[in-house]
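This report covers helix packing and aromatic rings. Please look over the sequence and the structure before reading on.

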Amino acid sequence: MKAAVYYENGGPEVFRVEDVPLPTCAPDGVLIKVSSISIEGGDQISRETVPPVNTPHIVGYQCAGEILEVGSEVRDRLVGQRVVCIVSWGSHAEYVAAPAAMTWPLPPSLNIDIASAVPVAFATANECLFTVGNLQKGQSVLIHGGSGALGLAAIQMAVHAGASVFTTSSDDAKLERLKSYGPVVTINNVRENFVEAIRAQTGGVGIDLVVDSIAGKTLPLSVATLKFGGRAIFVGVSGRDLEGFDPFALWPNCTSLHGVYMPRAFEADYVRNHAVVADCLDKVARGELKVDIDRVFSLSDVVPAYEYLQSRKGFGRVLLRP
């Protein structure tokens with residue numbers, strides 16, 4: 001089969017499209033013919049910094065397609081069934097072997113490209129906002145990186161929950177598009193000081209919750225936007241800034257900082273999180289939640305696809321198609 005592989009960490013240029021052996025279906029797994037691959041933020045971080053599990057290494061942890069083979073121990077999946085899956089690695093290929101437990105059958109009406117982009121973004125948004133963030137109707141939330149997949153999912157879920165939503169981006173055109181998702185206060189975090197903007201918008205009180213996927217120097221500023229007893233959620237390092245956080249920043253206003261790492265959350269609370277993804281797939285199929293697909297590249301164009309992602313020009317998801 002064809003796969004996008006690399007042999008060492010680096011920029012998009014390390015990718016090669018090569019013939020590799022077909023993966024083997026495990027007794028508790030399924031073999032999937034891949035139709036659509038969602039490029040996740042973690043895929044970029046892995047390629048840049050995480051030593052390959054093996055070489056050639058096939059990166060990628062989310063894709064959708066049709067089941068070709070079912071393992072001998074699996075009773076609830078069928079050959080021919082359309083599913084979306086999460087894997088540890090290997091999605092950037094024509095075929096992927098996945099644990100059956102980490103697959104989700106698709107609602108009949110759901111487009112497979114759209115489905116390929118749902119699980120990680122929406123499950124993470126749910127974990128940040130509600131499971132850990134305890135966001136309630138009438139409260140306020142700041143969501144950084146609003147035009148990314150996690151940001152778009154979190155904005156919609158927070159609006160539907162009746163929260164007051166603030167979001168940041170460095171691009172005015174993207175901020176304008178974000179207003180179509182509901183009553184969202186937008187802040188250009190390059191041109192504006194978002195701490196001062198939040199304070200001005202809230203009469204100096206601050207907000208209840210921050211979802212911070214940037215980290216580094218941004219994290220203490222996020223904490224500075226919180227009202228007394230507010231919560232900050234650290235969920236990613238999209239800024240690639242690994243500057244440490246001084247916990248003293250939490251002390252003066254009795255605020256808190258929580259980490260969210262979805263691979264561990266799925267591991268520790270599988271039943272609940274698997275149900276969350278299934279519910280989100282149903283809501284997307286019914287039009288209650290929306291997935292924005294920015295561009296679709298051929299798998300053979302994996303290098304320009306990742307270069308486009310790094311340009312930060314996109315709005316929503318970038319997909320690969322084998």
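## Helices H1 and H10

H1 and H10 are roughly perpendicular to each other, a label for angles of 65 to 115 degrees. Their axes cross at roughly 105 degrees and come within 12 Å, with H1 covering residues 41-49 and H10 residues 302-310. Axes are lines fitted to C-alpha atoms, for helices over the stretch in contact, and angles run from 0 to 180 degrees between N-to-C directions. Helices are DSSP runs (H or I, at least four residues), numbered from the N terminus.

Asp43, Gln44, Arg47 and Glu48 of H1 touch Tyr306, Leu309 and Gln310 of H10, where contact means heavy atoms within 4.5 Å.

## Basis of the model

This is a predicted model, in which local features need pLDDT of at least 70, side-chain atom pairs count only at pLDDT 80 or more, and totals for chains, interfaces and linings use all residues. Residues are numbered from 1 along each chain as its sequence is written, and side-chain values use heavy atoms, leaving out hydrogens and water.

## Aromatic rings

The whole structure holds five aromatic pairs (rings of Phe, Tyr and Trp, its six-membered ring, with centres within 6.5 Å). Phe248 and Trp251 form an edge-to-face pair, 5.4 Å centre to centre with 85 degrees between the planes; edge-to-face means planes over 60 degrees apart. Phe248 is partly exposed at 47% relative accessible area, whereas Trp251 is exposed at 63% (exposed is over 50%, buried under 20%, partly exposed in between; 1.4 Å probe, protein chains only).

Tyr6, Phe15 and Tyr306 are linked into a cluster by ring pairs.

Notes
Helix = DSSP H or I, 4+ residues; strand = E, 2+ residues; numbered from the N terminus. Parallel < 35°, antiparallel > 145°, perpendicular 65-115°, else oblique. Phe/Tyr/Trp six-rings, centres within 6.5 Å; stacked < 30°, edge-to-face > 60°.
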